[in-house]
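Visitor: I'm new to this one. Could you take me for a close look at one part, the helix pairs and the loops around them?

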Amino acid sequence: MEHPVTVNKTLMSAHLSSDRRAGSPQCRFCGAPLRNTFVNLGMSPLCESYLSREQLNDMEPFYPLHAYICGECFLVQLEEYVSAEHIFSDYAYFSSYSDSWVEHARIYSLQMIERFRLGRGSQVVELASNDGYLLQHFVARGIPVLGIEPAANVADVAIRKGVPTVVRFFGEIAADDLSTNGTGADLLIANNVLAQVPDLNDFVKGMKILLKPHGVITVEFPHLLRTIQGNQFDQVYHEHFSYFSLMAVDKIFSAHGLTIFDVEEWPTHGGSLRVFARHSDDSVPTVEDRVLELLAREKTAGLDQVSSYTTFAEKVNETKRKLLAFLINAKNEGKTIAGYGAPGKGNTLLNFCGIRTDFLDYTVDRSPHKQGKFLPGTHIPIHHPDMISATKPDYVMILPWNLKSEIMTQIAYIREWGGRFVVPIPEVCIYD
């Protein structure tokens, strides 16, 4: 497989020195200057910075939500305005509150156990293991696991479930420490974390160090091609530093001595990839045809040309106009509108569109860690889901639209009073 772009250290050094002087951002992978906009969503708060009532009158920090496309390696990315330590050391997202996501993890574990013949003599390591939602399925099969999770409050939940978890940020130093102490991964899992890593090169170096000579890495992430095709601009928020095509991940892994040998397409998060990788000096497994086929499909879609990315912004603006038109008309008709969910993507959508309590009376969430708080920026209150049956809104807008089927099933009772569902992405759709 050809890898036309790798990390050219001389070029990177030149880019970094000249563009830092000019104040231009640089690509976090290859160091090239970032001169092309993917989408600019204005100023927005950190999407997981939920507020208590006492904080509502405090000054709230907003940061640019401006995504660039690198003209060299085609990595879409934000600048790092706030450190990962600030964002993730104490975190409000707990994976186990999504039934469909826990089921996705269970199916994944069964597939990996069967495909790679994992057993009691194997070691499974997950990076950003959250509350043990995934590793618990390996534990139930008697397979040794280790979670690595930077948020102590989330890791504590995993530990109480019986999932051994180390509280720290992962990178080259952490991998060296673990490897020195005898930890090596037969299966190294980095599902839905790569986007949240500001120093990609350090993180992938660490993965290579921790992976056993014949071990396998799996990485899941929202597929940039599907993000573009589905107009999923609300996937962009500060906690997600990067947005990946297979083409970009292939270049990053190759630069660090890792080879992608298989890829699967999944419907999660509006369309995701599950990538399988191994050491490049390991001859097996061989590279599957579908890796080359998907790379070719991305090229056909123009993901190797900057011009293919820069048309995204106008589609985003059109979606904003359509959503606001619906909300204005509904309110003019005297309709009540509630939200369902308090996800990161919802906060991007609401802040970009300027939707506050003048349009959305409140939202609800199953997580007790969010209930009783307020959404960042918009200050929309978050209640227990029972609030919906108590107030009987005319419309419920589903903010985690990727879980719309699960949510419509959970609160199907709104149809009893004629309530309807609103799904805002890729454009406004109303469901009876």
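**Helices and the loops around them**

Guide: Let's start with Asn231, which is buried, with a relative accessible area of 8%. Buried means under 20% relative accessible area, exposed means over 50%, and partly exposed is in between, using a 1.4 Å probe and protein chains only. Before we go on, this is a predicted model, so local features need pLDDT of at least 70 and side-chain atom pairs count only at pLDDT 80 or more, while totals for chains, interfaces and linings use all residues. Residues are numbered from 1 along each chain as its sequence is written, and side-chain values use heavy atoms, with hydrogens and water left out.

Back to Asn231: you'll find this residue in the loop between α8 (224–229) and β9 (242–243). Those labels are DSSP runs numbered from the N terminus: helices are H or I with at least four residues, and strands are E with at least two. Asn231 has a phi near 55°, a positive value in a residue other than glycine. Asn192 also has a phi near 55°, again positive without being glycine. That residue sits in the loop between β7 (185–191) and α7, and counts as partly exposed at 23% relative accessibility.

Now for α7 itself. Helix α7 (residues 200–210) packs with helix α6 (residues 172–180) at an angle of about 15°, their axes 7 Å apart. Here the axes are lines fitted to C-alpha atoms, for helices over the stretch in contact, and angles run from 0 to 180 degrees between N-to-C directions. The two helices are therefore roughly parallel to each other. As for the cut-offs, under 35 degrees is roughly parallel, over 145 roughly antiparallel, 65 to 115 roughly perpendicular, and the rest oblique. On the α6 side, the contact is made by Glu172, Ala175, Asp176, Leu178 and Ser179, and on the α7 side by Asp202, Lys205, Gly206, Ile209 and Leu210. Contact means heavy atoms within 4.5 Å. By class, the contact of α6 with α7 has four nonpolar, two polar and four charged residues. In this scheme Ala, Val, Leu, Ile, Met, Phe, Trp, Tyr, Cys and Pro are nonpolar, Asp, Glu, Lys and Arg are charged, and the others, Gly among them, are polar.

Next, look for His256, in the loop between α9 and β10 (258–266). His256 counts as buried at 12% relative accessibility. Its side chain makes a polar contact with the side chain of Asn201, at 2.8 Å. A polar contact is a pair of N or O atoms within 3.5 Å; within protein, one must be able to donate a hydrogen and the other to accept it, and residues adjacent in sequence count only if both atoms are side-chain atoms. Setting aside neighbours within four places in sequence, His256 is in contact with Asn201, Val204, Lys205 and Lys208.

From there, move to α9. Helix α9 (residues 246–255) and helix α10 (residues 289–300) pack at about 125°, with their axes 9 Å apart. That makes α9 oblique to α10. Leu246, Met247 and Asp250 in α9 meet Val291, Leu294, Leu295, Glu298 and Lys299 in α10. By class, that's five nonpolar, no polar and three charged residues in the contact of α9 with α10.

One last stop is Pro285, in the loop between β11 (272–279) and α10. The peptide bond from Val284 to Pro285 is cis, with omega near -5°.
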